[in-house]
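Colleague: I have just opened this one and I'm new to it. Could you walk me through it, starting with the ligand?

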Amino acid sequence: MSESSFYVTTPIYYVNDKPHIGHAYTTMLADVLARSHRLLGEDTWFLTGTDEHGQKVQEAAKKRGVEAQAHVDEMVVRFQDLWERLDITHDDFIRTTQPRHTRVVQEILQDLYDRGEIYQAEYDGLYDVRSETFITEKDLPEGCSVENLPEHVKTIKETNYFFRMGKYQDWLIEYIEENPAFIQPDFRRNETLGFLRKELSDLCISRPKSRLSWGIELPFDPEYVTYVWFDALVNYISAVGYRKDEESFQRRWPCQVHLIGKDILTTHTVYWPTMLKAMGVEMPKTIFAHGWWLSGRDKMSKSTGNVVNPLDYADRFGVDALRYFLMAEMSLGQDASFTEEVFVKRYNSDLANDLGNLSSRVLKMVHMQCGAVIPAGSGEALSEPAAAVLWEQVQKAVTDMAEKIQVLRPDLGVASVLAAVRETNKYFGAREPWKQAKEEDKQPFFDTLYVAMEALRVCAALLYPVMPGKMGALRKQIGAGEGDPKVEDLQVFGKLVSGTSLPEVEGLFPRYQPPKVEKAKPSTQKPANVVTVEEISIDEFFKAKLKTATVLEAEKVEGADKLLKLQLEVGEEKRQIIAGIAKHYTPEDVIGKMIIIVSNLKPATIRGVESHGMLLAASKGKKLTLVTVDREIPSGAKVG
Ligand code: MSP
């Protein structure tokens, strides 16, 4: 692999699903990374695609009375069209039904079978029809047992093929421990290591054709097809020429980053590395699992009807505003909430007020007072102290953005650029250019405009991978030219050419005015039953030291169905607490969340396990929700 090659992938999405905001997010994130690396001049490759085999596809096609292939050919267009609409610049789109993929999967299977890495055995156990997976008794929902199975679980006896995954357990643990960048963020690495504490079994990789025929046939047994993950994961290498085009494979692999959602962590950090190890292929550099987009506080699901359709927002606010929101709002790794209210708030404050307003105030003045040409900034413009401070802030945004893209925190990069935009707005206001314009010596006035335009030039370039459409338009409006910005121009002051004529000013982000809702008049009647509560003084309240904490690990407490054992990061400190939330949250739900704890509670032993602190949760009737924070803040921060 050449030093400057950057290969990024998204999961390949189930072709049967209607694309939603979650799919759009991972793909946009990959797009922002790919665009940023391309601007750096790196040999970039961005792969996405669709996962097209399996029971659900087979059933959906049957229901519609069409061949499975015809069905997926129709369905895939929804993803391809959406990516076009959202300005996604993938270099390749792989479909698992393409011969370039199926052939490679078959070759890998044959090779592993020949080398004894795959064997046949009889499976006698439980099968979850809903998720199409073999499960064990401990995976059953509460209250169920082998004697009392839920409707969607059956016992089956079936001969199948298995991959010797278990034998790689020790190797994998060691590899993960020795390569901290392999699974990111850190708490996800701990989650995988937690999973690997239990014995790792071999992986069933086949389905008999009598039960599922829509899959890739096993080359050594035509009665079987390979099942889901052994097919899907291979896309990452089949697409770049594994076993087919050595030159291309050498150029791209190992992949720099597999972006995934936290739902498919185990498959990517346990199945995939062991498969690669068995094949003798190098590991990807990083597997990054981002958090979940929630609808408000709830999981998005078709049955609840709260799934956000990215097209609704792209149509109403523009593709770039949607891209901006998704990148700015999710702090990578953590869950984030998507609601119209949060969207509009961010849109109006960051885009309409700050960035949109700055560009229109500056440009309007250039048009009205300078004949619509870039004014001549003097060579000394930056020796004026306020301009120098501003330029420093702009340069900080340049450094921050570069760093944060490397560590997959575009949200922090974007925040730094917006800080520079706000600083420019302040600078512009403080210089009072409307007064300067009336002075006889026009140079200070021209300098103000020129400095603000230069700041805008750099900010527009930094936000260009996130909002290619609008930032391209802004670049034209300020006379920075057509086409992509050049990274080497970002640290140089004075790139805008004085005297260049500017096109007409067009508003970039019109402010969104939510429709007015009639407010109910406040009642003049006194409430009938006022319940008085005992009041406390502020000092009493402050005795409780509340702090933010990040949940690093979570697991059930054996023998206690209400309790979860949480490992927390509280600033520098690590601690363990026991919380009675297991009826409302699974360990998976809470890992990565930022919660609030009472940090100075005396340690207690609950069911034989030490608990140091208490978390805050709100409850009413049977409902319970954790108290969390709505913005990014480090763990260990004081609350109150
Ligand atoms: N086909 C498998 C992946 C195989 S990869 C070798 C699959 N497909 S999926 O259609 O279910 O897509 C899952 C991915 O979609 C998640 O990992 C994530 O990237 C994205 N998201 C789907 N819903 C999401 C949210 N609500 N929030 C954020 N991203 C989520 O699993």
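**Around the ligand**

Modeller: An oxygen atom of the ligand lies 3.0 Å from a polar backbone atom of Y14, which falls under the term polar contact, a pair of N or O atoms within 3.5 Å, where within protein one must be able to donate a hydrogen and the other to accept it, and residues adjacent in sequence count only if both atoms are side-chain atoms. Please keep in mind that this is a predicted model, in which local features need pLDDT of at least 70 and side-chain atom pairs count only at pLDDT 80 or more, while totals for chains, interfaces and linings use all residues. Residues are numbered from 1 along each chain as its sequence is written, and side-chain values use heavy atoms, with hydrogens and water left out.

Colleague: Ok, and what is 2.8 Å from a nitrogen atom of the ligand?

Modeller: An N or O atom in the side chain of D51 is 2.8 Å from a nitrogen atom of the ligand, and a polar backbone atom of W293 is also 2.8 Å from a nitrogen atom of the ligand.

Colleague: How much of the ligand's accessible area does the protein cover?

Modeller: The protein covers 95% of the 670 Å² of accessible area that the ligand has on its own, with areas taken from the Shrake-Rupley method and a 1.4 Å probe, and for residues only the protein chains shown count as cover.

Colleague: Which elements give two or more residues to the shell?

Modeller: Those are β2 (13-14), α1 (21-39), α7 (229-232) and α8 (235-238), where helices (H or I, at least four residues) and strands (E, at least two) are DSSP runs numbered from the N terminus. The largest share, three residues, comes from α1.

Colleague: And which residues come nearest?

Modeller: Of the 23 residues around the ligand, I12, T26, D51, D263 and W293 come nearest, a residue being near if one of its heavy atoms lies within 4 Å.

Colleague: Switching topic, why is α6 called largely enclosed?

Modeller: Helix α6 (residues 186-195) is largely enclosed by the rest of the structure because seven of its 10 residues are buried, meaning under 20% relative accessible area, with exposed over 50% and partly exposed in between (1.4 Å probe, protein chains only). The buried residues of α6 are F187, R188, R189, E191, T192, L193 and G194, and they pack against elements including α5 (169-178), α10 (265-279) and β18 (546-557).

Colleague: What about T269, buried or exposed?

Modeller: T269, which lies in helix α10, is buried, with a relative accessible area of 0%. A polar atom of the T269 side chain lies 2.7 Å from the backbone oxygen of L265, and T269 touches L172, I176, I183, T192 and I287, not counting residues up to four places away in sequence.

Colleague: Last one, where is M467 found?

Modeller: M467 is in the loop between α17 (443-462) and α18 (468-477), and M467 is buried, with a relative accessible area of 0%. The C-alpha atoms of M467 and D87 are separated by 9.2 Å, although the two residues are 380 residues apart along the chain. Among the contacts of M467, neighbours within four places in sequence aside, are D320, Y324 and F509.

Note on methods: Contact = heavy atoms within 4.5 Å.
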